[in-house]
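Let's take a walk through this structure together. Have a look at it first, and then we'll go through it piece by piece.

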Amino acid sequence: MGMTISQKILAAHAGREMVEPGELLNCRLDVVLGNDVTAPVAIAEFKRLELDKVFDQNKIVLVPDHFTPNKDIKSAEQCKIMRDFAAEYGIKNYFEIGQMGIEHCLLPEQGLVLPGDLIIGADSHTCTYGALGAFATGVGSTDMAAAMATGEAWFKVPESIKFIYYGDLPPWVGGKDLILHTIGDIGVEGARYMSMEFTGEVIKKLSIDNRFTMANMAIEAGGKNGIIEADEITLDYIQKRARRPFTIYKSDSDAVYAQVREYDVSKLEPVVAFPHLPENTRPVSEAAGVPLDQVVIGSCTNGRIEDLQVAAQLLQGKKIHPELRTIILPGTQQIYLEALRRGYIEIFIEAGAVVSTPTCGPCLGGHMGILARGEKALATTNRNFVGRMGHPESEVYLASPAVAAASAIKGRIAAPWEA
Amino acid sequence: MIISGKVHKFGSDIDTDAIIPARYLNTFDPRELARHCMEDADPSFPGKVQRGDIIVADKNFGCGSSREHAPIAIKGAGVSCVIAKSFARIFYRNCINIGLPILECSEAVDAVQDGDSLQVDLERGKIINLRSQEEFQAMPFPPFMQEIMDKGGLINYVKERKERDKVEV
């Protein structure tokens, strides 16, 4: 019996030839990640172990990205806990303001996560790195604390669902639409505890930024990880960044899947997820018309250069609707700089949008764009739960950068071809 | 351990933003988090929850973010146990790691009403509805997870292992 790519990566990190779904393993980790919300809790737990060193100063990554630049005194105190810990324990990959970006945009960009890696992060969107053919999954702070001490974590080998996408992607339809459509199909717990393996001719042609968007939202279907086999597109992205060896794993042809689901994407429209769950999806033509107060373009889901390119393409020479605020957040300093060089930032500002330094900010209702009671926002982020972006009686609609830019111009949810 | 408490019943897909909204994540003090526990699902919850009370919820409890502040807030509010049809993966892991008792039992969730009193035998996974005298059996934990919980959480478990390794060296 063959193994899936997820089984193979877990097996390799447990020193095993073969593992089967349901087995509990203790695995060696390549990267352990935390942010300004989760790392302070992990640091407090780690200190209970009374150790004078971490397992490996090179394999821990700390990124202050959620409430930074510090939104208030309490957040500043949280960041200081992390900064002081990084200095005291000699953590090499601590990214200060000015260097930092949204963690899941930053780590791949810096070449810190590579194909075949086993990665845990005290952030649920750690699953993003599956786009590079790594096994990456979110955990809590205590798991992070234990991992900083031991370099290991326990895993239950997950069953896998294979998603096959075929056909030709219509214009304005991309990774965000594919993953929202998939979540709409299987529901927010459709892949609970399972590995989501994205395959097929559409994925093979999909750009790396669009792949990150898909793997990023595996958690929104309850998935343990989302994963795409590394190929030429991956290597093209990795080769100039990797500073250590890596291994490419592929699923065996006789690997066993709990489910196989196929999607013909040829007639797919851009997708919008309505409040208050990412599974409440509708084609944009059935969503158009909802009046909006705010549009947010950015986040670990859609804050990369290609996302900004799509937004710039639609916003060029246009004006943001006067009754709506548009906030654009490049994912990292490098993405920001690249957008500046390409002229996107000027397009955004001329259109009437604001451009922010990288931060998770509004995505989780932290800062930089909180909603008032009754307000509606369309965001390229990943969650539209009650109160996610502010007041419990506000609403969040999720969509791609193309739908977001078109909606910003129209002042209501709009299809890209309307802009 | 046998616990008993009054039921607060919730629906499906209660996410971690509902359990503890992100606007309160600039601290991890359990008492402060407890003041806002479940606030966006039921604003009256922090005011009415009593020490020992039990949360009963439908499927996929704790979906969304990895924030450990969610089980910390529930524990901080004095909730003795969460019973659901199913739990989201990271939340489930976090509960085991910090020692917040959780049980999976669909039959109990369907039968129990808001305000009922339950008696729960955590080791055996036995749930008794004191109103109706009905009994339910929850899914047992794998022995490995039970061991982490018996030690009082993952850090104690790791601590013991580290000390054992030191002795062996």
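**A tour of the two chains**

At 15% relative accessibility, B:Tyr157 counts as buried, where buried means under 20% relative accessible area, exposed over 50% and partly exposed in between (1.4 Å probe, protein chains only). Before we go on, remember that this is a predicted model, in which local features need pLDDT of at least 70, side-chain atom pairs count only at pLDDT 80 or more, and totals for chains, interfaces and linings use all residues. Residues are numbered from 1 along each chain as its sequence is written, chains are lettered from A and ligands numbered from 1 in the order in which they are written, and side-chain values use heavy atoms, with hydrogens and water left out.

So what does B:Tyr157 pair with? Its partner is B:Phe144, in an edge-to-face aromatic pair with 6.1 Å from centre to centre and 85° between the planes. (Rings of Phe, Tyr and Trp, the last by its six-membered ring, pair if their centres lie within 6.5 Å; planes under 30 degrees apart count as stacked, over 60 as edge-to-face and the rest as tilted.) B:Phe144 sits in helix α7 (residues 143–150) of chain B and B:Tyr157 in helix α8 (residues 154–168) of chain B, so the pair ties together parts that are 13 residues apart in sequence. Helices (H or I, at least four residues) and strands (E, at least two) are DSSP runs, numbered from the N terminus. B:Phe144 itself is partly exposed, at 22% relative accessible area.

One aromatic cluster is made up of A:Tyr193, B:Phe61, B:Phe87, B:Phe91, B:Tyr92 and B:Phe141.

Now for some strands in chain B. Strand β1 (residues 2–10) of chain B pairs with β2(B) in the parallel sense over four bridges; two strands pair if DSSP finds at least two bridges between them. Here B:Val7 stands opposite B:Ile54 in β2(B). Strand β2 (residues 54–57) of chain B points B:Ile54 and B:Val56 one way and B:Ile55 and B:Ala57 the other way, and all are buried. Four bridges also join β2(B) to strand β3 (residues 81–84) of chain B, and these two run parallel. There, B:Val56 stands opposite B:Ile83 in β3(B).

Finally, chain A: it has 14 helices and 18 strands. Buried residues make up 64% of its 419 residues, and its C-alpha trace spans about 55 × 50 × 40 Å along the principal axes.
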